[in-house]
Amino acid sequence: MAPVSKIVWTKIDEAPALATYSLLPIVEKFLKEANVEVELSDISLAGRVLAAMGKMDDELAKLGELVLKPEANIIKLPNISASIPQLKACIAELNEQGFDLPDYPEEPKNEEEKEIQTKYATCLGSAVNPVLREGNSDRRAATAVKKFAQKNPHRLKPFSDNCKAYVAHMEKNDFYANEQSVIMSKNDTLSINLNGKCLQTLDVEDREIVSSSFLSACELDSFLNKTINDAKENDLLWSVHLKATMMKVSDPIMFGHAVKSYYSDVLEKYKDDLESVGFNPDLGMGDFEAKIQKLPEDKQNEIKEAVKKVYENRPNIAMVDSDKGITNLHFSNDIIIDASMPPVIREGGKMWNKDGELQECVAVIPDRTYARMYSKMLEDCKVNGQFDVSTMGHVSNVGLMAKKAEEYGSHPFTYKIPEDGVMDVKDSDGNILMSHSVKKGDIWRLYKVKDVAVKDWVRLGHERGKLTGDPIVFWLDSNRAHDANLIKRVVEYLPPHLEKDPIEFHIMAPEQAMKFSLKRIRKGLNTISVTGNVLRDYLTDLFPILELGTSAKMMSIVPLLAGGGLFETGAGGSAPKHVEQFLKEGHLRWDSLGEFLALAESLRMIYNKTGDEKVKAVCEALDSANEAYLDNSKEPSRKCGEPDNKASHYYLARYWAEALGKSDDKFAKVAKELADNEAKILEELKNAEGQAKDIGGYFKPDDKKAAEAMRPSATLNAIINNI
Ligand code: NAP
């Protein structure tokens with residue numbers, strides 16, 4: 001018998017976690033055929049909280065070790081990047097379930113509370129991906145997925161003739177303006193110093209690119225105020241776009257500035273009251289609403305009246321949920337730029353206002369580094385019109401991600417500057433490598449990228465160009481100190497690949513790269529974007545949302561540096577709204593296509609390594625099943641009573657069995673049983689809808705209850721269990 005290969009399937013949160021209860025039993029049975037074992041690894045928020053407090057094994061740490069080994073083969077589903085309110089809700093639920101966990105101390109009062117806060121902090125924000133992503137990223141739409149989208153185009157709204165929407169960004173003193181960068185010439189220990197006092201040290205490697213920059217708080221405030229006034233004057237909706245989940249130190253601070261600017265009348269007038277109840281603007285108006293409840297009722301009413309006045313005097317603000325009155329400034333993790341900007345383009349330069357209507361907006365993206373490429377796209381659409389989904393070309397991405405590359409690894413080295421002075425980065429001989437004059441409140445950060453990551457990224461970019469014949473474009477700005485250093489490496493590492501296999505390549509600043517790619521998109525031509533870590537994240541939502549309707553349909557492969565593979569399912573998140581619907585009416589509209597595609601790639605890696613023909617058969621059958629799934633439009637419906645996620649898994653199993661059954665009698669029989677019982681199975685699934693579901697927990701559902709809720713067809717279960 002061939003040796004057993006193992007795939008690790010991550011147990012995560014919300015909608016994809018619910019879908020797993022129905023999908024995994026099917027996957028396990030089909031993979032057993034190829035001698036591939038599936039192991040579940042709990043990296044859900046609840047699991048991580050329990051591990052942080054010593055109440056469960058630390059599965060994430062184990063996966064962190066596995067990704068450094070060649071045998072790693074991990075299917076990573078989207079998980080919650082927790083905000084503080086989410087973390088607190090999770091702790092409360094776990095305590096209700098009988099775990100004895102301390103509360104999250106927002107303002108620790110002693111050493112013990114500080115220690116508790118530090119432990120919980122490891123669960124906040126994007127805590128999972130940086131541990132697992134020990135490789136660069138290869139994200140693209142499978143050919144079948146792209147063709148499906150072109151044949152069944154979703155609707156993009158036209159831009160009006162005199163569209164006034166625009167992207168606003170700072171013009172000076174932002175991260176873009178202040179960047180400095182060095183390339184190390186030896187392994188060393190650097191120190192970060194403020195006014196001569198060492199704040200921390202960090203180890204760096206020979207040839208590592210180390211950069212630092214700061215954004216002026218004062219300049220940010222005047223920029224924000226200007227955009228608020230402009231929006232009011234031009235009757236535009238004011239919207240802020242940041243990434244507080246991923247940039248968990250710097251962006252909540254910028255978010256806090258936006259809150260303070262927009263609500264300045266109230267926050268200044270009631271400064272003392274708000275301070276007395278511990279309101280923190282960085283936590284948004286959600287925190288404001290919670291905290292003012294501690295004030296006497298007449299004071300609360302007075303403040304609420306003053307907030308109403310703000311809405312009258314200020315421009316309309318973009319809404320996250322207009323029905324519930326949740327604004328753009330309620331919770332910092334609600335305005336995730338990569339998810340919030342594509343809809344602005346999709347809706348013709350508009351966002352939702354408080355009346356639940358679409359209104360043209362000013363998209364406020366303070367730092368120029370990545371704002372201008374969004375601006376380029378918006379301006380292009382204003383001139384050339386909305387994109388045509390049925391003909392538009394594809395932009396795939398090769399992203400520099402390995403070893404916590406660039407700004408996405410900067411959290412431990414980000415500071416809100418406590419006093420005016422000079423921030424220096426020195427080498428171990430005391431030489432000043434980078435130096436910034438800063439003011440109290442400025443946001444300073446240091447970020448780096450290791451040479452091994454850059455070299456592999458250039459290789460991967462070239463490989464994708466070679467395999468597809470499409471041009472590769474390095475989105476690098478020679479006017480940025482960091483990018484200028486990266487360009488030096490690209491022109492060193494690319495030529496040996498080009499000598500062997502010549503391909504078309506370009507190096508362009510993000511605005512020019514956007515212009516180049518859009519021109520090709522409008523001609524129906526494909527382009528490969530080869531970008532740094534932030535643009536990887538932004539572009540792999542931006543283009544897919546326009547091209548495919550969602551980034552969840554993208555393949556997201558991380559060829560790990562150590563030789564293994566991490567297969568991320570879709571580029572979307574964990575879709576909390578889907579859970580809301582499921583709990584209310586038993587209908588799960590989550591589309592597991594991302595999981596199906598990731599699984600096929602994961603199997604392909606096993607076959608490429610082992611040459612095992614059984615794995616090949618199961619993998620190719622899954623490829624056929626995925627195509628059939630798309631061709632026959634078996635994605636879940638959004639409406640209760642119509643086929644949902646559970647039904648889509650039935651069809652996947654059936655198509656998979658049909659394809660395998662061509663050369664395997666056992667699966668031919670399974671396929672026949674599934675086909676013969678179609679009506680009965682769909683009826684059983686439908687009968688389970690229209691009622692509320694109790695799954696025993698939101699962050700940590702009861703496995704038995706959740707499995708029952710997600711596997712309500714006795715007929716389907718019997719056929720699958722018998723395989
Ligand atoms: P989201 O979960 O991506 O959901 C936004 C919307 O996208 C959903 O409501 C849904 O639209 C659609 N969607 C996403 N995936 C889908 C799928 N497989 N099938 C059908 N529809 C899908 O975005 P979010 O609300 O911004 O983020 C939720 C949580 O996920 C956050 O905690 C965030 O930090 C985290 N997140 C994790 C990852 C990751 O682990 N890789 C990535 C991004 C975000 P409809 O509601 O219209 O159906």
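Q: Why is Glu 14 called buried in this predicted model?
A: In this predicted model, Glu 14 has a relative accessible area of 8%. Buried means under 20%, and therefore Glu 14 counts as buried.

Q: Why is Ser 633 called partly exposed?
A: The relative accessible area of Ser 633 is 36%. Buried requires a value under 20% and exposed a value over 50%, with partly exposed in between. The value for Ser 633 falls between these limits, so the residue is partly exposed.

Q: Where does Ser 633 lie, and what is its phi?
A: Ser 633 lies in the loop between helix H22 (613-631) and helix H23 (645-661). Although Ser 633 is not a glycine, it has a positive phi of about 50°.

Q: How do you know whether Pro 252 is buried or exposed?
A: Pro 252 has a relative accessible area of 15%. The limit for buried is under 20%, and therefore Pro 252 is buried. Its place is in helix H9 (residues 250-262).

Q: Which residues is Pro 252 in contact with, leaving aside its neighbours within four places in sequence?
A: With those neighbours left aside, Pro 252 is in contact with Ala 244, Met 247 and Asp 282. The C-alpha atom of Pro 252 is separated by 16 Å from that of Tyr 263, eleven residues apart along the chain.

Q: Which aromatic cluster includes Tyr 263?
A: Tyr 263 forms one aromatic cluster with Trp 238, Tyr 262 and Tyr 311.

Q: How many aromatic pairs does a search of the whole structure find?
A: The search finds 16 aromatic pairs. One of them is formed by Tyr 370 and Tyr 538.

Q: What makes the pair of Tyr 370 and Tyr 538 edge-to-face?
A: The two rings are 6.0 Å apart, centre to centre, with 80° between the planes. A pair needs centres within 6.5 Å, and edge-to-face needs planes over 60 degrees apart.

Q: Why is the pair of Tyr 698 and Phe 699 called edge-to-face?
A: The ring centres of Tyr 698 and Phe 699 are 5.1 Å apart and their planes stand at 70°. This angle is over 60 degrees, so the pair is edge-to-face.

Q: Why is Tyr 698 called partly exposed, and why is Phe 699 called buried?
A: Tyr 698 has 28% relative accessibility, which lies between the limits of 20% and 50%, so it counts as partly exposed. Phe 699 has a relative accessible area of 11%, which is under 20%, and therefore it is buried.

Conventions: Residues numbered from 1 in each chain as written. Predicted model: local features only at pLDDT ≥ 70, side-chain atom pairs only at ≥ 80, totals over all residues. Heavy atoms only, no water. Helix = DSSP H or I, 4+ residues; strand = E, 2+ residues; numbered from the N terminus. Buried < 20%, exposed > 50% of the residue type's maximum accessible area, 1.4 Å probe, protein only. Contact = heavy atoms within 4.5 Å. Phe/Tyr/Trp six-rings, centres within 6.5 Å; stacked < 30°, edge-to-face > 60°.
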